[in-house]
Amino acid sequence: MGDRRTSNHSEVTDFILVGFRVHPELYILLFLLFLLVYAMVLLGNVGMMAIIMTDPRLNTPMYFFLGNLSFVDLFYSSVIAPKAMINFWSESKSISFAGCVTQLFLFALFIVTEGFLLAAMAYDRFIAICNPLLYSVQMSARLCMQLVAGSYFCGCISAVLLTSVTFTLSFCASRAIDHFYCDYRPLQRISCSDLYIHKTVSFFLCSIIILPTIIVIIVSYMYIVSTVLKIRSTEGRKKAFSTCSSHLGVVSVLYGAVIFMYFIPDRFPELSKVASLCYTLVTPMLNPLIYSLRNKDVKEALRKILGKRNIFI
């Protein structure tokens with residue numbers, strides 16, 4: 001038996017976030033890039049929430065979900081980006097054990113919540129397009145609140161389970177996490193525990209989180225496409241596809257990156273970091289742009305707030 005102090009994960013007081021393996025001269029460029037993208041995340045998502053809350057015309061289920069999506073995007077980016085930017089200037093690049101636990105928990109909470117919110121938004125579009133006459137009845141305020149509350153509940157339960165499973169590992173080999181934030185797969189690499197059960201549980205958790213939401217989204221859009229193709233009016237089909245293409249674009253980027261990160265064998269750490277950027281910063285930045293630039297109601301509300309009729313075409 002080895003030294004108990006080296007096998008006990010509670011003895012670890014901090015970790016090192018290795019980040020991107022580039023020349024130190026490029027850290028300034030990466031810092032500026034992160035700063036620019038994070039500023040756009042803040043501006044876009046705070047602006048989207050402000051528009052939705054201040055314009056009575058946007059008091060509908062779709063914008064209720066969109067407002068919550070902006071809230072989630074804002075917060076899980078804020079869990080990752082500031083610490084990453086600090087580490088570009090820091091020599092130690094350390095994060096405390098408690099900070100690592102908190103970062104993993106909050107990130108898991110918000111990213112899982114986002115997945116369920118996107119599924120709820122797909123269901124909302126399904127009802128709006130396939131059963132428009134019953135939309136106001138079926139998508140009641142109570143149901144919308146339940147779907148959003150359920151999304152946060154699933155996110156919280158998933159975060160508790162994933163964080164608990166991850167930090168029961170023993171970290172005695174190294175404190176250096178080969179990533180720019182605390183995530184469970186990079187933490188697995190520095191553990192000296194037997195990972196078979198842990199990987200099985202982690203894979204099971206990811207499967208029961210990701211697969212149901214993907215199924216809801218795919219089935220919803222199969223019905224949506226079938227219904228839209230039956231619309232005789234070209235303008236009607238164009239409007240329906242325009243509404244749904246925004247959502248599909250967001251879903252494709254998010255789930256594509258998540259599947260690459262968590263379901264493909266962990267053989268390419270640097271590619272995993274790039275994939276992580278897609279859902280930690282790129283998707284939260286693009287969501288407000290996609291939903292605002294392709295949405296007439298949001299553009300009209302923004303014109304009203306700014307008081308300038310010629311801002312958007």
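Start with the sheet: 3 strands, open, in the order β2-β1-β3, with mixed pairing. Strands here are DSSP E runs of at least two residues, helices H or I runs of at least four, numbered from the N terminus. Two strands pair if DSSP finds at least two bridges between them.

Select β2 (94–96) and β3 (176–177). Both are edge strands with a single partner each, so one side of each has no neighbour in the sheet.

The model is predicted: local features need pLDDT of at least 70, side-chain atom pairs 80 or more, while totals for chains, interfaces and linings use all residues. Numbering runs from 1 along each chain as its sequence is written, and side-chain values use heavy atoms, without hydrogens or water.

Now select β1 (residues 14–17). 3 bridges join β1 to β2, and the two run antiparallel. Ile16 sits opposite Ser94 in β2.

Next, residues 101–123. An unreviewed UniProt entry lists this span as "transmembrane region"; such annotations may be inferred rather than shown by experiment. The span is 100% helix, with end C-alpha atoms 33 Å apart.

Finish on α2 (residues 27–54). Its 28 residues should span 40 Å at 1.5 Å a residue, and the end C-alpha atoms are 40 Å apart, which agrees. The expected span is 1.5 Å times one less than the residue count. Buried residues in α2 include Tyr27, Phe31, Phe34 and Asn45 (under 20% relative accessible area, 1.4 Å probe, protein chains only).

Notes: Buried < 20%, exposed > 50% of the residue type's maximum accessible area, 1.4 Å probe, protein only.
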